[in-house]
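Here are a few notes from going through the model. Have a look at it first, then read on.

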Amino acid sequence: MGDFEFNEHHQHEVINYMRFARSKRVLRLKTIDSCFEELKDSRLVEETFTVDEVREMLDDLQAVVRGEVETELINTAHTNVLLLRQLFSQAEKFYLRLQTDISELENRELLEQVAEFEKTDFKTPDKMNQETSKPKLAPLNEGGVSELLNKEITRLQEENDKLKSRLRTLETQAMSALDEKTKAERALKDLQKVQSEHQEITSLEDTVAALKDDYERSLSANAASQKDLQENLISSKHELLRVQEQLTLAEKELEKKFQQTAAYRNMKEILTKKNEQIKEIRKRLQRYEPNE
């Protein structure tokens, strides 16, 4: 049989399931046969039938047979689901994870081997009865199974310990990384603060430099203006002295020219006479003052 060999316990379980499936199949076939027999007994009572009558009988028979086959197929699928559920539940108790390959269910070669197994490996009824008296599940403490399970449990425990150790290492690394991140964030904040202060200092330095330049330019402008004012003042003083000197000379020249004129001489004579008259009047007054 090659790919379809089982150990004694598994072979017993497979045979039980195939026996169950065959009994269900035989029962369903009997039901279908009864559908035909019922049709024969209830409908085929006449010698001849029309085409419509034959078509009606066949349609009714088709509906009945279709319903029986569909019911059997649905029941078989649900039964297989329950069987898989039992297998998965037992495997989970021993930390085993079963996997199925749906594509193998349509493998024609394997299906033929199953059919051959069903034909050749079913035992006689007496031996089948003896088999049914045995426990449905073999003891779990069989040497091979128990050793395999123990190895698998040991392997899983070791793997679990490794994972725990790895987890602790990762937690330590994560905490260290978190501390480093916190330190880096603090350093970044300090650096940003220093940069901000440096920018403020730079801005202040630029402002001070600008003010210094403005002050120096203002001083230069004031110095230049003061120098210009001093030069203008000196020049004005010189101009004033020159004008005063020219004015004095002009007055002297004018007085000299005026003295040389006839009007000046006449006026001078008149002033001289008036002065003498005033002096005479004062003398006369002085004589009369005591009587008064």
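A quick definition before the points: a salt bridge here is a side-chain nitrogen of Lys or Arg within 4 Å of a carboxyl oxygen of Asp or Glu. Keep in mind that this is a predicted model.

1. Start with E37 and K40, which form a salt bridge with their closest N and O atoms 3.9 Å apart. That pair counts because the cut-off is within 4 Å. Both residues sit in helix α1, three residues apart, about one turn of the helix. E37 is partly exposed at 41% relative accessibility, and K40 is partly exposed too, at 43%.

2. R155 and E159 also pair up in a salt bridge, at 3.2 Å between the closest N and O atoms. They lie four residues apart in helix α5 (residues 143-259), about one turn of the helix. Relative accessibility is 41% for R155, partly exposed, and 37% for E159, also partly exposed.

3. Now look at R28 and E72, whose side chains meet in a salt bridge (3.1 Å, N to O). This one links distant parts of the chain: R28 is in helix α1 and E72 in helix α2, 44 residues apart. E72 counts as buried, at 13% relative accessibility. The whole structure has eight salt bridges.

4. The largest nonpolar core has six residues: I32, C35, L39, M57, L61 and V65. Leaving aside neighbours within four places in sequence, I32 is in contact with V65, E68 and V69.

How values were computed. Residues numbered from 1 in each chain as written. Predicted model: local features only at pLDDT ≥ 70, side-chain atom pairs only at ≥ 80, totals over all residues. Heavy atoms only, no water. Core = buried A, V, L, I, M, F, W, Y, C linked by side-chain atoms within 4.5 Å. Buried < 20%, exposed > 50% of the residue type's maximum accessible area, 1.4 Å probe, protein only. Contact = heavy atoms within 4.5 Å. Helix = DSSP H or I, 4+ residues; strand = E, 2+ residues; numbered from the N terminus.
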